[in-house]
Amino acid sequence: MRGMDASKLQNLLDWLMDGARSTPAPPAFLKETCERLIDCGIPLWRAAAFVTTLHPDTYGRAFIWRRGGEVVVQSADFDILDTPEFINSPVVIVQKSARELHYRMDDPDKIGRASCR
């Protein structure tokens, strides 16, 4: 990993505080933010943002970025709230517990079993 560039990081912070005006839509905002983080020297391979909506039929949207690719946008309706995948997802566990979550990704027997700290 190369060292972090403090001046580029400050430029990123200034851009964010100014409203990230160069990005016309949420997918462009996530992509540019991630690319700027990489340019600062932060080793980033993927990122996601989850946003709930005020729409009566759409619970929320997920914006998923992977290095070298475009941002994928997924929508979910309110039925998702009752699914085991949602209830046991790391995002929901962290949101409800307000604690960091650790998964062992190198042990197939432990994938899906998380520990909170």
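This is a predicted model: local features need pLDDT of at least 70, side-chain atom pairs count only at pLDDT 80 or more; totals for chains, interfaces and linings use all residues.
Close-up 1. A search of the whole structure for disulfides returns zero, a disulfide being a covalent bond between the sulfur atoms of two cysteines. Taken over the chain, which has 117 residues, 20% of the residues count as buried.

**Close-up 2. Order of the secondary structure elements.** The chain is made up of four helices and five strands. Read from the N terminus, these elements follow one another in the order α-α-β-β-β-α-α-β-β. The views below refer to several of these elements, among them helix α1, which spans residues 6-17, and helix α2, which spans residues 26-39.

**Close-up 3. The salt bridge between Asp39 and Lys8.** Five salt bridges are present in the structure, and one of them joins Asp39 to Lys8, with 3.3 Å between the closest N and O atoms. This pair links distant parts of the chain, since Asp39 belongs to helix α2 and Lys8 to helix α1, and the two residues are 31 residues apart. Asp39 counts as partly exposed at a relative accessibility of 39%, and Lys8 is also partly exposed, with a relative accessible area of 32%.

**Close-up 4. The salt bridge between Glu32 and Arg36 in helix α2.** The side chains of Glu32 and Arg36 meet in a salt bridge, with an N to O distance of 2.9 Å. Because Glu32 and Arg36 are four residues apart in helix α2, about one helical turn separates them. Arg36 is partly exposed, having a relative accessible area of 26%. In general terms, side chains of opposite charge can pair when their charged atoms come close.

**Close-up 5. The salt-bridge network of Lys31, Glu35 and Glu70.** Salt bridges link Lys31, Glu35 and Glu70 in a network.

Close-up 6. Asp18 and Arg21 form a salt bridge in which the closest N and O atoms are 3.2 Å apart. Asp18 is partly exposed, with a relative accessible area of 44%, whereas Arg21 is exposed, with a relative accessible area of 67%. Ala20 is placed in the loop between α1 and α2, and it is buried, with a relative accessible area of 3%. The backbone of Ala20 has a positive phi of about 50°, although the residue is not a glycine. Most residues other than glycine have a negative phi.

**Close-up 7. Ala98 in the loop between α4 and β4.** Ala98 is found in the loop that runs between α4 (90-97) and β4 (101-103). Its phi is near 55°, which is a positive value in a residue other than glycine. With a relative accessible area of 71%, Ala98 is exposed, whereas Ala20, which also has a positive phi, is buried.

**Close-up 8. A nonpolar patch on the surface.** Leu13, Leu16, Met17 and Phe29 form this nonpolar patch, and together they have about 370 Å² of accessible area. Helix α1 provides the largest share of the patch, namely three residues. Met17 is found in helix α1 and is exposed, with a relative accessible area of 66%.

**Close-up 9. A patch of negative charge on the surface.** Asp57, Asp77, Asp79 and Asp82 gather on the surface in a patch of negative charge. Of these residues, Asp77 lies in the loop that connects β3 (72-76) with α3 (84-87). Asp77 is partly exposed, with a relative accessible area of 39%, and it therefore lies above the cut-off of over 30% relative accessible area that is set for residues of a patch.

How values were computed:
Residues are numbered from 1 along each chain as its sequence is written. Side-chain values use heavy atoms; hydrogens and water are left out. A disulfide is a pair of cysteine sulfur atoms within 2.5 Å. Patches are made of residues with over 30% relative accessible area and no salt bridge: like charges are joined within 9 Å, nonpolar side chains (Val, Leu, Ile, Met, Phe, Trp, Tyr) within 5 Å. Accessible areas come from the Shrake-Rupley method with a 1.4 Å probe; for residues, only the protein chains shown count as cover. A salt bridge is a side-chain nitrogen of Lys or Arg within 4 Å of a carboxyl oxygen of Asp or Glu. Lys and Arg count as positive and Asp and Glu as negative; His and the chain ends are not counted. The place of a charge is taken as NZ of Lys, CZ of Arg, CG of Asp or CD of Glu. Buried means under 20% relative accessible area, exposed over 50%, partly exposed in between (1.4 Å probe, protein chains only).
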